[in-house]
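Have the structure open while you read.

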Amino acid sequence: MKMDVNTAFFIDLFFHQVGLWWVVIPSIFLGLIVGAIPGFSAANTIIVLLPFTFLMNVEVGLVFMIALYCASRLGAGIPAILVNIPGTAGAAATPLDGYPMAKQGLGQRALSISFVSSIIGGLLTTAIALVTMPWLARVGFYMHSVEMVVVMLFGISLIASVAAKDTIKGLIAGFFGLMIGSIGADHVYATPRGTMGFLELYDGVPLIPALVGLFAISEAFMVIETGSFMAKDRVQTVQNANWSETIKGVRITLSRWWHVTWTSLIGLVIGVIPGAGAAIASFVAYQQSRTFSKTPEAYGTGHVEGLIAPEAANNGVTAGTLIPLMVLGIPGGATAAIMMVVMQYQGVPTGPRLFMERPDLGYGVFMAMFVTYLLMALTILPMSRYMSRVTLVSTTYMSPIIIAFTLVGSFVPREYLFDMYLAFGFGIIGYIARKTGYHVAAILIGVILGPLLEQYMLRALKMSDGDPLVLFSSPLGNTLWLVLILTLALPAFLKKHRQKAGSRS
Amino acid sequence: MSDLKTNIDAGQQEPPKKNVAGEFIIPAISVLFTLYYISTIVDSPWTAQVNAFLVGSVLLFVAAIFFVQKGLALRRHNAQFHIDFSAIPMVVKTPQTAFIVVSLLYLVFVDFLGFTLTTIIFFWVSMMILDRGKRPFMKAFIATIMALIGYAVFIAMFETRLPKGIIEQLIVGGV
């Protein structure tokens, strides 16, 4: 099939994808549900529904998967904001500032900010991906183990930001997380390490039980003491909420359009790197946002930009992960890998042949993503007013529901009862940590990024026969090291500069 | 008495010292775990050791700073280390402790009784504990509805292989 790819082609494609609204809208709602429940992800939902996908026309099947994927990214932020439970690891940085807003009775505004930054981030990065696909696909070629070690350190340096109030306690929590993340067989000789004799830990600590335990279960135990998810004097605010809070959230986000733009671009670039993903993107975006903020000390207390950064970044990742699949035929993540299976089953090529033989499908995937984000603006944004009312439900009912359903969520990925016990164990650790002033987010950052850091570092060291200088052997790597050092040093420099300016004025 | 009153009036009363006993739990767990972890890799190849030695040594160093810092604070009487054993019976009786125990029992029983029945019982017992026994029938109704929603979403819709019990068998048999 020979087609001219020009403006008319894209306009035609856009209206064609809008015509598939009957697939997109139900997929959005399904995606929201699976994104919001920890343990369920777009990838495992698509696997469950794979037989239906095979029966669908290939285009409809792809649109269904894309809409589900995008909506699940956005859905993961909803419980993260309202009840401090990230639906996926990609939303793990969202409650840092989203939940404090909900506790202040600003849940509706926080949801609105999260939705708008996710939608704008998604739209922008999809549009950029459509135009720059061939060039962006090359990013993966330049990012080797050495460069990836530095990217991981960008994410891990967030521990220092989280620990700003009490550095020593923050570092203990973060490095404890990194040690937990090291549990499991080593990457080269498969020697079991720190597994306490549990075979279930040979593959490492599963992410969902750690996420569920540290955030959800510990939160369920904590809120019993207060009897409510928010301060008592704020209940009236939520009860009397009207559309103005949603509109205010939209206005606040639009006024920070530049912040949404650059943090979503971080997501796009990290998304292109195979194996990286939304968790790293959101941590890096949050850390960078805090570094360049004029009010870094307000991060963690309900700072608007602290909410915008991870949400824009993790939705920027969605377009990024599909680029290697579409342009090179290499899936950039689990969902992209499943899409590849569906495309192969239907006899559709991936990689450069796709754009020669079926440009309507190649570009259509990204256009479907664009249309999904547009339709999400119309369907999800108005729901923020009603969703925020979840925070009004008494903890008498919410705590048991959170415990039971999130424990099930931790069971889902591997279907081991052991993972439910593991989640409970993490819940107790999280509860003790919160009660004694340690940040659970710092522990989680370590658990998520620790194994990835080790994997890339080992690869680099193996290539150089154990010579650590390999970490400083590539020009791109060295540039990233320099940027990392500048990023870490910048807050102190800016603080001093502002203090000087303040004392002068 | 009058001296104390004068001090209070002048706002000079010494603030109560912060009890730092709880703050030692996470560092203590971290240090113990790190030492255990290192013991499992002593005879392993360097590829299995490099990360743990790097991360573990930093953790042990930071924990040492913490212990020294707190030790100095205790020595200067800026903080206190006090474990109130007499409060334990009172803590055990709180709804919070009971809820944590019931949550653990949920994990134990879900394998024998199946997801739906265990979830109904767990919801009802926890809600009764947290609301101090008020409106038991209403809570039984909510517990049943919520557990059935869980069944519909997790087992029927997403085909999760959760432990099956009498209710799951009845539903499948009925269908």
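**Rings and the chain interface**

B:F24 is buried, since its relative accessible area is 16% and the cut-off for buried is under 20%. Keep in mind that this is a predicted model.

**Ring pairs**

- B:F24 teams up with B:F67 in a stacked aromatic pair, with 5.7 Å from centre to centre and 20 degrees between the planes.
- B:F24 is in the loop between β1 (18-19) and α2 (25-41) of chain B, while B:F67 is in helix α3 (residues 46-75) of chain B, so the pair ties together parts 43 residues apart in sequence.
- Buried or partly exposed: which is B:F67? B:F67 counts as partly exposed, at 33% relative accessibility.
- Over all chains, the structure holds 27 aromatic pairs.
- Another one of these is A:F198 with A:F418: their ring centres are 5.0 Å apart and their planes are at 50 degrees, so this pair is tilted.
- This pair links distant parts of the chain, with A:F198 in the loop between α12 and α13 of chain A and A:F418 in helix α24 of chain A, 220 residues apart.
- A:F198 is partly exposed at 37% relative accessible area, whereas A:F418 counts as buried at 14%.
- There's also a cluster linked by ring pairs; among its members are A:F221, A:F405, B:F99 and B:Y106.

**How much the chains touch**

- How many residues of chain A are in contact with chain B? The count is 62 residues of chain A, in contact with 62 residues of chain B.
- Together, chain A and chain B bury about 5500 Å² between them, and 81% of that is on carbon and sulfur atoms.
- A:M179, A:Y397 and A:F405 supply 12% of the area that chain A buries against chain B, more than any other three residues.

**Charged and polar links**

- Two salt bridges are counted between chain A and chain B.
- In a salt bridge, the side chain of B:R161 meets that of A:E415 at 2.7 Å, N to O.
- Across the interface, 12 residue pairs are in polar contact.

**Chain A's side of the interface**

- The elements that give two or more residues to the side touching chain B include α2 (21-36), α12 (167-181) and α23 (395-411) of chain A.
- α23(A) gives the most to that side, with 12 residues.
- By type, the residues on this side of chain A divide into 44 nonpolar, 11 polar and seven charged.

Technical notes
Residues are numbered from 1 along each chain as its sequence is written. Chains are lettered from A and ligands numbered from 1 in the order in which they are written. This is a predicted model: local features need pLDDT of at least 70, side-chain atom pairs count only at pLDDT 80 or more; totals for chains, interfaces and linings use all residues. Side-chain values use heavy atoms; hydrogens and water are left out. Contact means heavy atoms within 4.5 Å. Buried area is the accessible area (1.4 Å probe) that two parts lose on being put together, summed over both. A salt bridge is a side-chain nitrogen of Lys or Arg within 4 Å of a carboxyl oxygen of Asp or Glu. A polar contact is a pair of N or O atoms within 3.5 Å; within protein, one must be able to donate a hydrogen and the other to accept it, and residues adjacent in sequence count only if both atoms are side-chain atoms. Helices (H or I, at least four residues) and strands (E, at least two) are DSSP runs, numbered from the N terminus. Ala, Val, Leu, Ile, Met, Phe, Trp, Tyr, Cys and Pro count as nonpolar, Asp, Glu, Lys and Arg as charged, and the others, Gly among them, as polar. Rings of Phe, Tyr and Trp (its six-membered ring) pair if their centres lie within 6.5 Å; planes under 30 degrees apart count as stacked, over 60 as edge-to-face and the rest as tilted. Buried means under 20% relative accessible area, exposed over 50%, partly exposed in between (1.4 Å probe, protein chains only).
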